[in-house]
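Hello,

Here is the model I promised to pass on. Please have a look, then read my notes below.

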Amino acid sequence: MIPIANAFEIIDRETPLLGIESVAISELCGRVLTEDIVADSDLPPFDRSQMDGYAVVAADTENAPVELRIVGESAAGRGWRGKVVSGDAVRIMTGAPVPDGADAVQKLELTAESETGSSVQIAEPTKPGRYIIAKGAETAAGTKIFASGELVTASMIASVAAFGYSNVRVGVRPKVAVLSTGSEIVPIDQTPQQDQIRNSNSPMIAALVRESGGTSIEHPLAADDVDGLTSAIGNAAAGSDILVITGGVSVGKYDLTKDVLRSLGAEIFFERVRLKPGKPAVFARLGKTLVFGLPGNPVSAAVTFHLFVRRAMRKMQGAAELGLRPGFAIAAKKAKGTAERDTFLPAAIGTDDTGRAVAVPLKWLGSSDFIGFSRADALIFVPAGTTYEAGDVVGTFLI
């Protein structure tokens, strides 16, 4: 068995970058940037009002209430181009440019405009800069907003659009073939007969592939048969950047995946990891295709996907951060590891009544219990030989 850290090093070493393509901003969310996003202008590009009200010279309001003459109006997209001098006021709307000479805004609720519209009473004083966002306060022209290697989220799209990036260079999506094996597995639209189960792994892995920024191709099930498995693996690997195989990687009589990979000429980089669940995970290359052989039990398959396959997919797209997002939380109850292997326990993250993050280990009956795992949004990391008690600080990884 190799340590998890060694497995990461091997994956990083053997995983190539796929290249760069340009996509429209409408297709950008979930992709990895391969160029910096740089502000092409100050933001805001002018002194901007935060309120509906009146732009004034703050010193004129020191002895409020005070009456000022209205000399114009500044609206969003239609600013007033005159110059405000002492005694003047300009009607102003939220988001509109503050006219030259004005150094404050008084909000509408503290004003009363005359019936003729020629003057306004300012009921309370305002101060220089009040209710104004200064030009460039949010960002200055030339500032790097997002860096190459960042994963684009929906909350980033407005910033990308604001600086004119209608098309953006990103890493090419990996094409990931998904192949589930096992003579006991039947398609999900069939009723299992005695000793059979439905194929839950392929839809799960395909969904995780899409969530990780790739395109998934689900292949027909392969039985525990050397000839059939050889054909299935060869077909699935062809034209794919990554092949994910679930099942057949342990040491039982019908665990044939590693033997078939070797017979096809695959180079196997590792085949046992000091990890629970997921010890028999395999990483190999067949031709130009990276191959991950994951355990058939769904929880083991999910954990090893999150740790290993996702990492390779992120590397292929040029991501700066390859691993799961780490954090810390208070263990809600006991979390026990094993003597020889690092353990990743499914958990739900919440908060307690003091505002602290809390990791709640989920009740599950082992690596086949995908029902228990289905509520997990994190993994608690328990180093080999360690047991955490309720109240201890534990390391977590969001999934």
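Start with the helix pair. Asn-201, Met-204, Ile-205, Leu-208 and Val-209 in α3 meet Pro-298, Ala-301, Ala-302, Phe-305, His-306 and Met-313 in α6 (contact means heavy atoms within 4.5 Å; helices are DSSP runs of H or I with at least four residues, strands runs of E with at least two, numbered from the N terminus).

This is a predicted model: local features need pLDDT of at least 70, side-chain atom pairs count only at pLDDT 80 or more, and totals for chains, interfaces and linings use all residues. Residues are numbered from 1 along each chain as its sequence is written, and side-chain values use heavy atoms, without hydrogens and water.

The axes of α3 and α6 lie 10 Å apart, at an angle of about 30° (lines fitted to C-alpha atoms over the stretch in contact, angles from 0 to 180 degrees between N-to-C directions). The two helices are therefore roughly parallel (under 35 degrees).

Now α3 itself, residues 201-211. Buried here are Asn-201, Ser-202, Ile-205, Ala-206, Leu-208 and Val-209 (under 20% relative accessible area, 1.4 Å probe, protein chains only). They cover an arc of only 160° around the axis, which puts them on the same side of α3 (directions from the axis to the C-beta atoms). Besides α6, the buried residues of α3 pack against β13, β16, β17 and β21. Just after α3, Gly-213 has a positive phi of about 95°.

Elsewhere, β5 (66-74) and β6 (88-92) pair in the parallel sense over 5 bridges (pairing needs at least two DSSP bridges). Gly-72 stands opposite Val-90 in β6.

Best wishes

Note on methods:
Buried < 20%, exposed > 50% of the residue type's maximum accessible area, 1.4 Å probe, protein only. Parallel < 35°, antiparallel > 145°, perpendicular 65-115°, else oblique.
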